[in-house]
Amino acid sequence: MNLNIKKRYLIVFLVIAILTVGIYFYANKNKEINEISYRTFNEYLEKGKVKEVYLNESSKISGKLYDDSEFVTDNPRIENFKEKLLLANVDVIETTKGGVLGQILPVVFMFSGIFLVAYLIKNGTKQAEKEMANMANVEAETSISKRISFKDIAGNEEAKESLRELVDFIKEPGKYAKYGARMPRGVLLYGPPGTGKTLLAKALATEAQVPFYAVSGSDFIQVYAGLGASRIRKLFKKAKESGKSVIFIDEIDALGKARKGINSNSGSEEGDRTLNALLTEMSGFKENEGIIVLAATNRIDTLDEALLRPGRFDRQIEVGLPDVNARYAILKLHSKNKPLAKDVDLKEVARETVYFSGAMLENLLNESAMIAARNKNSNITMDHINKAYLKVLVGEEKKDRSSISKEDREITAYHEAGHALIAKRVDKNNKVAKVSIIPSTRGMGGFSLNIPPDRMYQTKKDIENNIKIALGGRAAEEIIFGTEYITTGASSDLKKATEMAISMIGSYGMDKDLGLVSYDVIVNNNLTIDSKLVERVKELLNTFYEEVKKILLQNKEYLDALARKLILEESLNEEQISKILDI
Ligand code: ATP
């Protein structure tokens, strides 16, 4: 059952429960009222103690005494009882059984309940129908002229090359059939977010001049029972009707993962059904029909193996983060329609944006353009790009900095100077693009932006250096302010350092004592990790920490100079840092 419907039933159930409890309390309002015998009642009547009586047809009557206490007694059901009461100066209130309200209210409640249930169910059904109609409606992007083509994608050369082959397959399936070549049915594009997987899928359809049908795995997570599978069937039916086409399923891991039962919520059964429908449809269409299914994921490691078997997504194309040349190409592409000032060197920007995805680079230029527009400058300058760079990486600068005390600024300055100094001292190829004590809206007190050398592999030395850089902040705090005054500011540094150390020892086999054992495999096979790993990680971090403190002590005057300058200027760039550190 769909969550929304479940929610509606829950609400209805709650309303009815509340009404029932309300009615119960209303009906039992008089529970604490004294029950007196009819004789006592008569005594009270004679003594003039009775103020009012509620008369009705039931076996009991109730009333109030002058001392405001309430009572219930047997209804004598005698003739002239009302007159008797009136003569005794009692206010007589005639009610039906249980009181007028007591009679009417439950009926009112009941009807409101019925109406409410009917309304909610009707509404829910309508909503479900509407959603079903929406879900089943997969429209193709057919206006070829406006569509993305390979020339709109910079970098990703290998991926483009693999897809170009497919263009021919789609255009002329017959040509390949003659040679007995089978067109791949499914192609999986995998890689980090924002690297252009969707763009590539769209471009394939454009280049092959066929319709492009796109859905996302996450759309199927909360659907009504059976709807996911029926949507998949409709999608393939439509694609077949249009002859040749490209079907794109983004975030396929949302479907693939559900089968493994990692998210063993109610959605998994539905995910299972949807995935089965997909696999059935994929094996159902004839080879060389000219339909190709592309899927994208950021997490190939979590995918159901069934998806990767031959005849399914058996061709896998990696779409990785762009290297410096690809970054330059992407920057050039996205700055085409933007007025760049003469001082903007996109090659330099490409060099300083290691690990940026295509989407981040696009975002960087867009933010720069927005800053230029906000300042009413005619061109986008390097200064705008630098500001945007920080915004993309660490969030917006916090505008109100007045509440930060002098002490806090000093602690942040030493902490960040510690990171920057260690980065420069452990490897002179490390770039510290910026160090700053300006807090960001993402809650960071300051930051030191270390750009590692652009290399394909990380060496053991690189990882060790990165751990030391992460420890530099805490070590500087300890040296300057003393062990009792270290702060909470190092928590994310310590997390990073520990993660790096665990990977280094447990995943990359880079520790002499623990050898080449992959602890990932041990954990995945439910074997126990012996605490040796933790012990080693602790030892390693301690050793590095002592080493870092030694470097800082040897460079104490540089550390002071860097921190002082930071307090004064708030942020320093690579050039200024190098100057202070005599590099
Ligand atoms: P996700 O995994 O998050 O779905 P994705 O890999 O599918 O991401 P896209 O949606 O294709 O990424 O890319 C997002 C945006 O990033 C594009 O619209 C484009 O502006 C920009 N972009 C990414 N890679 C490139 C590239 N290689 N060339 C040009 N622009 C790119």
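Author: **The ligand site**

An oxygen atom of the ligand lies 3.1 Å from a polar backbone atom of glycine 196, a polar contact being a pair of N or O atoms within 3.5 Å. The model is predicted, and local features need pLDDT of at least 70, side-chain atom pairs count only at pLDDT 80 or more, and totals for chains, interfaces and linings use all residues. Residues are numbered from 1 along each chain as its sequence is written, and side-chain values use heavy atoms, with hydrogens and water left out.

At threonine 198, an N or O atom of the side chain is 2.6 Å from an oxygen atom of the ligand. Leucine 199 has a polar backbone atom 3.1 Å from an oxygen atom of the ligand. Of the 630 Å² of accessible area that the ligand has on its own, the protein covers 78% (Shrake-Rupley method, 1.4 Å probe).

The shell around the ligand holds 19 residues, the closest being Ala154, Gly194, Lys197, Thr198 and His334 (a residue is near if one of its heavy atoms lies within 4 Å). By type, the shell has seven nonpolar, eight polar and four charged residues; Gly counts as polar, and Asp, Glu, Lys and Arg as charged.

Domain 2 (151-318) and domain 3 (324-394) both give residues to this shell, so the ligand lies between them. The domain bounds come from an automatic or database domain assignment.

Note on methods. Polar contact = N/O pair within 3.5 Å; in protein donor to acceptor, adjacent residues only side chain to side chain.
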